[in-house]
Amino acid sequence: MSKAIVLNEKFENNGEVVLPASYEEINKHNLYLYVKSYLAALRSNTARAKTRAEVSGGGKKPKAQKGSGGARWGSKRSPLFVGGGQAFGPTKRNYNQKVNKKQKALALKYAINAQANNSTLFVVDSIKIESGKTKEAVAVLTKLNKRDTLIVCDTIDEKTYLAFRNIKNCYMVEKQEVNAYLIAAYHSVLIEKSVLDALTKEA
């Protein structure tokens with residue numbers, strides 16, 4: 001069974017918490033489908049090309065219908081001409097991919113379990129930097145000793161936000177913002193116990 005590392009108020013190792021055994025049985029394909037859907041939803045969807053009906057010009061027939069021995073040319077708006085419309089070019093497109101609620105829940109469970117398996121899921125009662133000093137926030141991350149960290153709080157107070165906001169190797173979110181993609185994207189996760197309990201209960 002997977003185990004999360006429990007930290008005390010000084011962010012030092014203080015034991016372990018076992019995740020449900022059912023998490024081990026989840027297929028990783030659920031996470032793949034969620035991540036694919038999440039990234040697709042981020043696409044800007046701005047690619048656009050004009051068709052021959054939308055480009056300017058083409059009012060006059062380029063040459064006579066007969067007599068040249070060549071093909072018939074009706075308009076310079078044709079895709080065959082420089083400055084003409086584009087045939088089958090990109091237009092507005094919906095990139096959204098549906099993932100049902102069960103798959104989202106399974107993806108979240110799998111991502112949490114994967115972090116626990118890697119010994120990179122850290123649980124603490126509260127993540128608060130009352131002084132608001134970045135120096136203290138850096139000290140917390142230094143104790144974790146990981147490349148980058150996702151910090152998940154129930155609610156982020158102003159002082160804690162000020163302490164962490166300028167640190168480039170961490171990202172802080174509240175409970176309602178967290179998802180399987182964010183948990184999987186970071187090398188470690190520091191999460192408040194109340195949030196982990198709520199996520200595992202809801203998922």
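Two strands are said to pair if DSSP finds at least two bridges between them, and the strands (E, at least two residues) and helices (H or I, at least four) are themselves DSSP runs, numbered from the N terminus. This is a predicted model, in which local features need pLDDT of at least 70 and side-chain atom pairs count only at pLDDT 80 or more, while totals for chains, interfaces and linings use all residues. Residues are numbered from 1 along each chain as its sequence is written, and side-chain values use heavy atoms, with hydrogens and water left out.

Six strands form an open sheet of mixed pairing, in the order S2-S1-S3-S6-S4-S5. Strand S2 (13-18) and strand S5 (170-174) stand at the edges with a single partner strand each, so one side of each has no neighbour in the sheet. Within this sheet, strand S3 (residues 121-124) pairs with S6 in the parallel sense over four bridges, and Phe122 stands opposite Leu190 in S6.

Strand S6 (residues 188-192) also holds Glu192, which is buried (under 20% relative accessible area, with a 1.4 Å probe and protein chains only). Glu192 has no salt bridge, and the nearest side chain of opposite charge, Lys128, is 5.4 Å away; a salt bridge needs a side-chain nitrogen of Lys or Arg within 4 Å of a carboxyl oxygen of Asp or Glu, and in assigning charge Lys and Arg count as positive and Asp and Glu as negative, with His and the chain ends not counted. A polar atom of the Glu192 side chain does, however, lie 3.0 Å from the backbone nitrogen of Asp154.

Conventions. Buried means under 20% relative accessible area, exposed over 50%, partly exposed in between (1.4 Å probe, protein chains only). A polar contact is a pair of N or O atoms within 3.5 Å; within protein, one must be able to donate a hydrogen and the other to accept it, and residues adjacent in sequence count only if both atoms are side-chain atoms.
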